[in-house]
Structure formats: structure tokens, C-alpha cells
Amino acid sequence: MREIPIKQAKAILKRALKGTVNQRICLLTKKKDRSLTIETGDDTLNLTEQGYVDATRTYRLADGEGKHAVTMAFKREFPRSHQVYLSQTKEH
């Protein structure tokens with residue numbers, strides 16, 4: 001797990017939503033009390049929030065709804081963060 005700037009985390013999320021590689025990305029705050037986990041499958045996106053909202057939702061990658069949900073969850077969980085911890089695993 002490494003610490004990265006918030007802008008770099010946004011770029012990684014955008015790339016993950018466009019890509020075709022199955023992967024799991026977990027972002028945590030500095031205190032590690034809030035997290036956002038994104039798992040991309042073949043055609044699905046699993047979004048897990050822990051912090052302000054505790055929920056797990058599934059979206060289709062073909063729809064724009066998943067990208068919008070990830071953006072809103074990111075803003076909700078990391079409103080004042082400058083740095084986040086990143087854990088990223090790729091599956092082939």
C-alpha cells in the first residue's frame with residue numbers, strides 16, 4: 001500500500017473504468033477510517049464504500065451510470081483529502 005496524491009488517484013480510477021483488465025483498487029484515507037473499493041470484472045463494476053456510507057453496489061461498465069457513481073462516491077468519501085493510500089491488484 002502506497003500513499004499517492006488525490007489527483008493521481010482520480011486518474012487511476014478513470015483509467016480503471018476505461019480499461020479491459022480485471023482489477024481491484026482500494027483507496028483509504030490517511031487515518032484509514034474511510035475507504036472506497038472498486039472491482040472491475042468482465043462487464044461489471046462492484047463499488048464498495050465504507051465510511052460516510054456503508055454500501056456495496058454493482059453496475060454495468062457499458063452504462064455511464066457506473067462512472068458517475070464512482071465519481072460521486074469518491075467526492076463523498078474523500079472531501080478534504082490531499083493524500084490517499086492505494087492498493088491495486090490486477091487479474092489476467
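Biologist: Which residues is Gln23 in contact with, leaving aside its neighbours within four places in sequence?

Modeller: Contact means heavy atoms within 4.5 Å. By that rule Gln23 touches Ala16, Ile38, Glu39, Thr40, Gln88, Thr89, Lys90 and Glu91, with neighbours within four places in sequence left aside. One reading note: this is a predicted model, where local features need pLDDT of at least 70 and side-chain atom pairs count only at pLDDT 80 or more, while totals for chains, interfaces and linings use all residues. Residues are numbered from 1 along each chain as its sequence is written, and side-chain values use heavy atoms, with hydrogens and water left out.

Biologist: Where is Gln23 found?

Modeller: Gln23 sits in strand 2. Helices (H or I, at least four residues) and strands (E, at least two) are DSSP runs, numbered from the N terminus.

Biologist: Is Gln23 buried or exposed?

Modeller: Buried means under 20% relative accessible area, exposed means over 50%, and partly exposed lies in between (1.4 Å probe, protein chains only). Gln23 has a relative accessible area of 8%, so Gln23 is buried.

Biologist: What joins the side chains of Gln23 and Gln88?

Modeller: A polar contact of 3.2 Å joins the two side chains. The term means a pair of N or O atoms within 3.5 Å; within protein, one must be able to donate a hydrogen and the other to accept it, and residues adjacent in sequence count only if both atoms are side-chain atoms.

Biologist: Now the whole chain. What pattern does the protein chain follow along the sequence?

Modeller: Read along the sequence, the pattern is β-α-β-β-β-β-α-β. That gives 2 helices and 6 strands in the protein chain.

Biologist: What radius of gyration does the protein chain have?

Modeller: The radius is taken over C-alpha atoms, and the globule rule is 2.2 Å times the number of residues to the power 0.38. With 92 residues, a compact globule would have a radius near 12 Å, and the protein chain agrees, at 12 Å. Its C-alpha atoms fill a box of roughly 35 × 25 × 20 Å along the principal axes. Of the 92 residues, 40% count as buried. Look at the contacts with a separation of 6 or more: residues 24 or more positions apart account for 53% of them.

Biologist: On to charges. How many salt bridges are there?

Modeller: The rule asks for a side-chain nitrogen of Lys or Arg within 4 Å of a carboxyl oxygen of Asp or Glu. The count comes to 6 salt bridges. One of them joins Lys30 and Glu3, with the closest N and O atoms 2.7 Å apart. This pair links distant parts of the chain, 27 residues apart: Lys30 is in the loop between strand 2 (22-28) and strand 3 (35-40), and Glu3 is in strand 1 (residues 2-5). Lys30 is exposed at 53% relative accessibility, whereas Glu3 is partly exposed at 34%.

Biologist: Where do Arg60 and Asp43 lie?

Modeller: Start with the bond itself: the side chains of Arg60 and Asp43 meet in a salt bridge, 3.8 Å from N to O. Arg60 lies in strand 5 (residues 55-60) and Asp43 in the loop between strand 3 and strand 4 (44-50), so the pair ties together parts 17 residues apart in sequence. Arg60 is partly exposed, at 46%. Asp43 is partly exposed too, at 36%.

Biologist: Which residues are linked with Glu49 in a network of salt bridges?

Modeller: Arg57 and Arg76 are linked with Glu49 in that network. Between Arg57 and Glu49 the closest N and O atoms are 3.2 Å apart. Glu49 counts as buried, at 1% relative accessibility. Arg57 is partly exposed, at 31%.

Biologist: What lies over the face of Tyr85?

Modeller: Lys32 does, at 4.5 Å from the ring centre. A charge sits over a ring if NZ of Lys or CZ of Arg is within 6 Å of the ring centre and within 35 degrees of the ring normal.

Biologist: Last stop, the loops. Where is His82, and what does His82 touch?

Modeller: His82 is in the loop between helix 2 (65-77) and strand 6 (83-91). His82 is exposed, at 64% relative accessibility. Not counting residues up to four places away in sequence, His82 touches Ile4, Pro5 and Ile6. The C-alpha atoms of His82 and Thr29 are separated by 9.2 Å, though these residues are 53 apart along the chain.

Biologist: Is Thr20 buried or exposed?

Modeller: Thr20 is exposed, with a relative accessible area of 75%. Its place is the loop between helix 1 (6-18) and strand 2.
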